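Subject: Structure for you, with notes

Hello,

Here is the structure I promised. Please open it next to these notes.

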Amino acid sequence: MSHFWSKVVHGLTPYVPGEQPKLPNLVKLNTNESPYGPSRLVLEALRAEVGDTLRLYPDPGSDGLRAAIAARHSLTPAQVFVGNGSDEVLAHVFQALLKHDAPVLFPDITYSFYPVYCALYEIAYEPVPLTSNFELDVRDYRRPNGGIIFPNPNAPTGRLVSLVDIEELLKANTTSVVVIDEAYVDFGGESCVPLINQYPQLLVTHTLSKSRALAGLRVGYATGHPLLIEALNRVKDSFNSYPLDRFAQAGASAAMADEHYYAAMCRKVIASKATLVASMEALGFKVLPSAANFIFARFPGRDGADLAAQLRERGIVVRHFKNPARISPFLRITIGTDEQCAGLVDALREIVYTNLNK
Ligand SMILES: Cc1ncc(COP(=O)(O)O)c(C=O)c1O
């Protein structure tokens, strides 16, 4: 606390990102990164950027990258906005499109950055409870609002809302923006990007941090009607004209073009997830159905924080959320390589059964 701070800073409770451990050799299953490296084409594109041109500012409009994203989704570049990670894109979305008189609606259990943006930009919000099975029922969103946002699949639950239900929501909610955060859609969901041509109130955000294995490059994007994109550009150009450096633009463009490699990596992750879920269920864990590259699981009668701490003692880092209380028994576990998943299952077996027999 300091009297130099503005009123809004006094009131902030910042987002706490998952740990990026400094210790070597930890198995890192806590922030939903890809266990596989980026495409070879990405690495070549990054190397090609090392040189004299680094003295020049990058393209402020990221035109090449927006064209590559537009081509990948059969859109026009005017329907695409890019930012320094989808976190930055989302921050601009809250300020540009979700700050109205009525409260923003999002699930009570969801990406915990959303309430942080609301506090930062002084936006009222109303959490909408998930069902007892941690499902999102779109009918619960039929109420006055200044906008609606949720991840699909949701995080940290991994549960998916169908495209049919999203269309039902869009038909019922035409006067405020509906944002679908598709950070994890490539691992088993169906993208609603094609719907943006039909619904001018729909904005869909994506990240290159998960399925494109580029969390270290910091690139995310939004697709929507050109008027929604214009609002985001107005905020961006009032904040930072050059959010994406030359490496980010070149590497991300190459990633968007190598669909073949990334589709294969997603298939590997999906197969590993099926094996991991089966092994954990055989141990007695309850695992929610997941369309993401992580699972949300609990062991009946065991404390989630304690399980996470015991895994860490064995060199495996997973994510645990204390709040809200109804998710505190759960662990959110990123799908690693098959070898990492097998190590996790061995460690869980030891933790759960050794301690039971004590
Ligand atoms: C649901 C969701 N949206 C957005 C993000 C932000 O991703 P990034 O800023 O790396 O693009 C995350 C990160 O974990 C996430 O879980």
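The notes below go from the ligand to the pockets, the cavities and then some local backbone features.

This is a predicted model, so local features need pLDDT of at least 70 and side-chain atom pairs count only at pLDDT 80 or more, while totals for chains, interfaces and linings use all residues. Residues are numbered from 1 along each chain as its sequence is written, and side-chain values use heavy atoms, with hydrogens and water left out.

**Ligand**

The ligand is surrounded by 13 residues, the closest being Ser 86, Asp 181, Tyr 184, Thr 207 and Ser 209. Here a residue counts if one of its heavy atoms lies within 4 Å of the molecule. The distance from an N or O atom is 2.5 Å for Thr 207, 2.6 Å for Ser 209 and 2.9 Å for Lys 210. A polar contact is a pair of N or O atoms within 3.5 Å; within protein, one must be able to donate a hydrogen and the other to accept it, and residues adjacent in sequence count only if both atoms are side-chain atoms.

**Pockets**

Pockets and cavities were found on a 1 Å grid over the protein atoms alone. A cavity is a set of points where a 1.4 Å probe fits but cannot get out. A pocket is an open set with protein on both sides within 12 Å along at least five of seven lines. Lining residues have an atom within 4 Å of a point. Grid points are joined across faces, edges and corners, and a volume is the space filled by probe spheres set on the points.

The largest pocket holds about 790 Å³ of space. It is lined by 31 residues, and those closest to its centre are Ser 112, Arg 319, Phe 321, Lys 322 and Asn 323. Strand E3 (104-107), helix H5 (114-121), strand E4 (125-128) and helix H10 (304-313) each supply at least two lining residues. H10 gives the most, with four. Helices (H or I, at least four residues) and strands (E, at least two) are DSSP runs, numbered from the N terminus. The lining has 20 nonpolar, six polar and five charged residues. Ala, Val, Leu, Ile, Met, Phe, Trp, Tyr, Cys and Pro count as nonpolar, Asp, Glu, Lys and Arg as charged, and the others, Gly among them, as polar.

The second largest pocket has a volume of about 560 Å³. Of its 28 lining residues, Tyr 15, Thr 31, Asp 87, Tyr 111 and Lys 210 are closest to the centre. Helix H4 (residues 85-97) contributes the most, with three residues. By class, this lining has eleven nonpolar, ten polar and seven charged residues.

**Cavities**

There are two cavities of 30 Å³ or more. Among the residues that line it are Arg 72, Asp 186, His 206, Thr 207 and Tyr 221. About 40 Å³ lies in the second largest cavity. Its lining is Ser 34, Tyr 36, Phe 187, Lys 210, Ser 211, Met 265, Cys 266 and Val 269.

In H5, Tyr 114, Val 116, Tyr 117, Cys 118 and Tyr 121 are buried. Buried means under 20% relative accessible area, exposed over 50%, partly exposed in between (1.4 Å probe, protein chains only). The buried residues of H5 pack against H4, E3, E4, strand E5 (147-151) and strand E6 (178-181). Just after H5, Glu 122 has a positive phi of about 55 degrees.

Tyr 261 sits in helix H9 (residues 259-283). Its relative accessible area is 22%, so Tyr 261 is partly exposed. Beyond its neighbours within four places in sequence, Tyr 261 is in contact (heavy atoms within 4.5 Å) with Tyr 36, Gly 37, Pro 38 and Ser 39. A polar atom of its side chain lies 2.6 Å from the backbone oxygen of Gly 37.

**Backbone**

Two cis peptide bonds deserve a look. One runs from Ala 155 to Pro 156, with omega near 10 degrees. Pro 156 is in the loop between E5 and helix H6 (163-172). The other runs from Asn 323 to Pro 324, with omega near -10 degrees.

Asn 32 has a positive phi, near 60 degrees. Asn 32 is buried, with a relative accessible area of 0%.

Best wishes
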